[in-house]
Amino acid sequence: MNAAWVLDFGAGRLAAVAHRQQLQLLHEPEVHALAFAPAHAPQVLIWGAHCVPVLDFGRWCGEAPTGCTGTVGIYAYLPEGGGAHRLGALWLAAPPTVVQVDDERACELPAMREGWRDACLSCWEDDKRGALPIFDLGRVFEGRGAACRRKPRGDPPQERADGECWVPQITVALEAASL
């Protein structure tokens with residue numbers, strides 16, 4: 001069994017991330033709007049010496065915005081292909097809770113969460129909450145999801161040489177941070 005954080009994006013939207021990926025929770029943090037940022041990540045926050053993009057997961061996956069503005073979770077992830085850890089932040093409706101995840105409880109992603117498939121590593125059945133997708137935060141923060149297939153506010157998504165879609169502002173903000 002492994003520990004995971006259950007993230008609440010509001011309106012019954014829940015997902016899990018690895019326990020070690022959550023670095024800090026901030027209540028009502030000071031965020032700054034980014035000109036020409038995509039609609040799903042219109043803000044950044046300064047965390048220590050890092051400029052961290054703040055993402056609205058509802059918009060990222062093509063659903064209604066989360067509407068969350070009070071709690072932000074800061075997360076670390078490894079980019080695809082290796083390299084140094086990178087940082088990203090997510091608006092949350094409530095503080096995350098810890099659960100124990102067991103491989104024996106693996107299940108299919110529910111049809112109602114089809115827009116989340118791009119972000120998921122797997123899905124796990126929780127007795128209280130039902131199916132909980134387990135996110136690959138690299139896919140979320142590096143723009144490999146539904147938001148890349150729609151026209152965001154500001155700069156259009158760009159195709160990388162490997163065919164993946166990325167949003168320039170998020171990538172630049174993350175690479176500029178001394179991780």
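A salt bridge is taken here as a side-chain nitrogen of Lys or Arg within 4 Å of a carboxyl oxygen of Asp or Glu. The close-up views below come from a predicted model, in which local features need pLDDT of at least 70 and side-chain atom pairs count only at pLDDT 80 or more, whereas totals for chains, interfaces and linings use all residues. Residues are numbered from 1 along each chain as its sequence is written, and side-chain values use heavy atoms, with hydrogens and water left out.

**View 1. Arginine 86 and glutamate 142 are joined by a salt bridge.** The closest N and O atoms of arginine 86 and glutamate 142 are 2.6 Å apart, and this salt bridge belongs to a total count of 4. The pair links distant parts of the chain, 56 residues apart: arginine 86 lies in strand E8 (residues 86–92), and glutamate 142 lies in the loop between helix H2 (137–141) and strand E12 (158–159). Helices (H or I, at least four residues) and strands (E, at least two) are DSSP runs, numbered from the N terminus. Both arginine 86 and glutamate 142 are buried, where buried means under 20% relative accessible area, exposed means over 50%, and partly exposed means in between (1.4 Å probe, protein chains only).

**View 2. Arginine 105 and aspartate 127 form a salt bridge between two loops.** Their side chains meet at 2.7 Å, N to O. Arginine 105 is in the loop between strand E9 (94–101) and strand E10 (120–126), while aspartate 127 is in the loop between E10 and strand E11 (130–135), so that the pair, 22 residues apart, links distant parts of the chain. Arginine 105 counts as partly exposed because its relative accessibility is 29%, whereas aspartate 127, at 67%, counts as exposed.

**View 3. Arginine 129 forms a salt bridge with aspartate 126.** The closest N and O atoms of this pair are 3.4 Å apart. Arginine 129 has a relative accessibility of 32% and therefore counts as partly exposed, while aspartate 126 is buried, with a relative accessible area of 9%.

**View 4. Phe9, Phe57, Trp60 and Phe135 are linked into a cluster by ring pairs.** The structure holds 5 aromatic pairs, for which the rings of Phe, Tyr and Trp (its six-membered ring) must have centres within 6.5 Å; planes under 30 degrees apart count as stacked, over 60 as edge-to-face and the rest as tilted. Phenylalanine 57 and tryptophan 60 lie in helix H1 (residues 57–60), 3 residues apart, or about one turn of the helix. Their ring centres are 5.3 Å apart and their planes stand at 20°, so this pair is stacked. Phenylalanine 57 is buried, with a relative accessible area of 1%, and tryptophan 60 is buried at 0%.

View 5. A disulfide requires a pair of cysteine sulfur atoms within 2.5 Å, and a search of the whole structure finds 0. Cysteine 107 is partly exposed, with a relative accessible area of 25%, whereas cysteine 123, at 4% relative accessibility, counts as buried.
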